[in-house]
Amino acid sequence: MNRDDIRRIAKEAGLAGAKLSAGLEEMRLDMWERFAELVAAAEREACAQIVQSECIGFTPEDDQLNCIVAAIRARSIQPPKGGD
């Protein structure tokens with residue numbers, strides 16, 4: 001993710017134009033949470049695309065590859081097994 005991506009996501013989350021000079025306490029927590037969710041979703045999608053494009057020996061129709069990609073994208077739905 002580059003700076004333009006981060007700025008785009010910040011605008012999408014409603015953080016752009018906020019007056020930080022008044023203090024972070026005035027920022028609404030839900031906007032920060034939304035920002036974090038959008039950043040995480042963008043990172044998951046980037047990871048899924050890397051797996052799809054870089055896994056040698058797999059075809060786009062391969063069930064194992066598709067399971068791996070689906071697992072990366074599904075992390076937004078449920079926490080990973082074993083802890084977090």
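Asp5 is partly exposed, with a relative accessible area of 26%, where buried means under 20% relative accessible area, exposed means over 50% and partly exposed lies in between (1.4 Å probe, protein chains only). The model is predicted, so local features need pLDDT of at least 70 and side-chain atom pairs count only at pLDDT 80 or more, while totals for chains, interfaces and linings use all residues. Residues are numbered from 1 along each chain as its sequence is written, and side-chain values use heavy atoms, with hydrogens and water left out.

**Overall layout**

- The protein chain has three helices and zero strands, where helices (H or I, at least four residues) and strands (E, at least two) are DSSP runs numbered from the N terminus.
- Read along the sequence, the pattern of the protein chain is α-α-α.
- Of the 84 residues in the protein chain, 18% count as buried.
- The protein chain exposes about 6,600 Å², of which carbon and sulfur atoms supply 54%; accessible areas come from the Shrake-Rupley method with a 1.4 Å probe, and for residues only the protein chains shown count as cover.
- Among contacts between residues at least 6 apart in sequence, 43% join residues at least 24 apart, a contact being heavy atoms within 4.5 Å.

**Nonpolar cores**

- The largest nonpolar core has seven residues in all, namely Ile9, Ala10, Ala13, Leu15, Met31, Phe35 and Leu38; such a core is a set of buried Ala, Val, Leu, Ile, Met, Phe, Trp, Tyr and Cys residues joined through side-chain atoms within 4.5 Å.
- Helix 1 (3-12) and helix 2 (29-54) each supply at least two residues of this core, and helix 2 gives the most, with three residues.
- A second, separate core consists of five residues, among them Val51, Leu65, Val69 and Ile72.
- In soluble globular proteins, nonpolar side chains tend to be buried together.

**Helix 3**

- The twelve residues of helix 3 (residues 63-74) should span 16 Å at 1.5 Å a residue, and the end C-alpha atoms are 16 Å apart, which agrees; the expected span is 1.5 Å times one less than the number of residues in a helix.
- Leu65, Val69 and Ile72 are buried in helix 3.
- Seen down the axis of helix 3, its buried residues fall within an arc of 55°, so they line one face of the helix; the arc is that of the directions from the helix axis to the C-beta atoms.
- Exposed residues Asp63, Gln64 and Cys67 sit on the face of helix 3 that is turned away from its buried side.

- Arg34 is found in helix 2 and counts as partly exposed at 37% relative accessibility.
- Leaving aside residues up to four places away in sequence, Arg34 touches Glu12 and Ala13; Arg34 and Ala10 are 24 residues apart in sequence and 9.0 Å apart in space, C-alpha to C-alpha.
- Arg44 also has its place in helix 2 and is buried, with a relative accessible area of 19%.
- The C-alpha atoms of Arg44 and Ala71 are separated by 9.8 Å, with the two residues 27 residues apart along the chain.
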